[in-house]
Amino acid sequence: MQDATYLQLKEQIKAKLIAGTYEEGNRIPSERELAKTYAVSRMTAKYAINALVEEGFLYRIHGSGTYVSGRSLTNKVDVGEGAPLGKGLTAAIRYSGKKSKDQILSGRLVKSSPEIQRNFPKSRERLFFELWRIRYADDEPISLQRAYLPFSLFPDAERTDFTVVSLYDYMQMKGLLPVTFTTKLTFIKVDGIEARNLDVEDGTRVFLFEYSGFTASGKMVEFTRSYFRSDQIRFNFLTRSRD
Amino acid sequence: MSKKIPVIERHIKEYDSFTSLVQKNGYSLKNKIMLTETLEINNYYHKYLHFPIGALLFHMKRLRIVEGIPVMLENIYIPIELVQGIFKEKLFGIDFHKLLAEQYKLPVGETYGEIMIAHVLPEEAGILGLDPEETVVVIKGTAKRPDGLVFEYFEQTALPELFVFKE
């Protein structure tokens with residue numbers, strides 16, 4: 001099918017862009033050359049390139065060709081579709097050409113509360129490890145994250161230095177790395193401690209991502225609430241029709 | 001605004017028309033067509049639509065009213081050569097994307113774009129009943145046919161409470 005072919009080609013070219021096979025600033029092969037290399041029609045190659053231009057991976061110079069962009073067309077960090085998938089925020093920040101830094105605000109055990117219970121609906125845990133951290137891009141706070149892990153699954157989390165090991169590296173060491181997620185995105189106003197830590201004024205509207213992480217066996221191991229500054233990230237989406 | 005704003009759940013990776021989403025969430029929907037016109041494709045629209053600069057676009061601005069509350073302003077831009085005769089259609093009270101799919105062979109295969117938080121424009125504030133200092137959720141991007149042809153550029157300005165995206 002035409003649609004599947006162009007999407008496959010788009011992903012193949014995108015993989016080469018991410019891998020650096022086609023380097024920033026260089027011209028990529030023409031539609032004719034791509035069509036020949038990948039044994040597709042020239043129209044399929046054209047659609048694949050158009051899609052990558054829209055997503056900011058490529059740009060055209062009239063009469064000259066199509067070139068590899070620096071990806072970061074704005075000064076924002078790209079998250080969502082088109083960001084380095086599955087690599088986390090650190091990779092997204094670096095991919096946008098910025099330096100990534102974390103600041104741990106607190107890591108402590110907290111008793112379960114109605115709010116935590118709502119987000120771990122099947123759990124009878126009484127204690128959770130709560131980790132607050134700020135994610136920076138070039139010294140600018142872009143995200144405030146509050147993660148909850150069940151104490152019974154991560155009993156030594158409180159003793160772990162999360163400035164040395166990443167949360168997901170730690171969870172992987174425990175054999176409890178989340179591999180599937182449910183996500184909810186809303187747009188809320190922050191004030192108080194959230195606003196202060198994000199370095200925004202009270203009442204500023206931000207992206208709120210709430211996600212639950214599950215291991216391959218379906219065990220829920222994480223609930224995280226991530227506030228993202230809207231002036232610092234660009235959230236890209238891609239929806240597909242089910243028909 | 002005193003009325004409770006309806007909340008519409010939508011999947012972050014699956015396409016559904018707004019009309020369908022409103023129905024699935026159990027709400028009533030009315031559309032108010034505020035403007036239809038032709039425009040020339042300039043550099044901005046060309047970047048998204050890949051049709052020649054100077055070619056004509058169909059532009060429709062409409063207000064989405066859910067449960068009696070104006071919740072979203074929508075601007076749709078489609079190269080006129082893809083929708084010849086669109087001005088003769090009844091655009092009020094229909095699912096516009098169903099019309100595009102059935103009459104103009106423009107079914108949506110995928111949409112791609114950006115979700116942002118932005119300050120409301122004065123015209124939008126008046127229509128959506130927002131304070132001029134308020135922020136809104138802006139969703140902008142393109143729609144493609146399953147064969148990859150980009151046929152629409154859209155911009156939606158929604159009340160921030162309207163959408164909950166889920167995956």
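The largest cavity here has a volume of about 260 Å³. A cavity, on a 1 Å grid over the protein atoms alone, is a set of points where a 1.4 Å probe fits but cannot get out, and its volume is the space filled by probe spheres set on the points, which are joined across faces, edges and corners. This is a predicted model, where local features need pLDDT of at least 70, side-chain atom pairs count only at pLDDT 80 or more, and totals for chains, interfaces and linings use all residues. Residues are numbered from 1 along each chain as its sequence is written, chains are lettered from A in the order in which they are written, and side-chain values use heavy atoms, with hydrogens and water left out.

So who lines that cavity? Strand E7 (150–158) of chain B gives the largest share, three residues; strands are DSSP runs (E, at least two residues), numbered from the N terminus.

Now for the second largest pocket, with a volume of about 780 Å³. A pocket is an open set of points with protein on both sides within 12 Å along at least five of seven lines. Its lining takes in 31 residues, and A:Asn50, A:Val53, A:Arg60, B:His46 and B:His50 lie nearest the centre. Helix H3 (42–54) of chain A gives the most, six residues; helices are DSSP runs too (H or I, at least four residues). Helix H2 (43–49) of chain B also supplies at least two.

Conventions:
1 Å grid on protein atoms, 1.4 Å probe; cavity = no way out; pocket = protein on both sides within 12 Å on 5 of 7 lines; lining within 4 Å.
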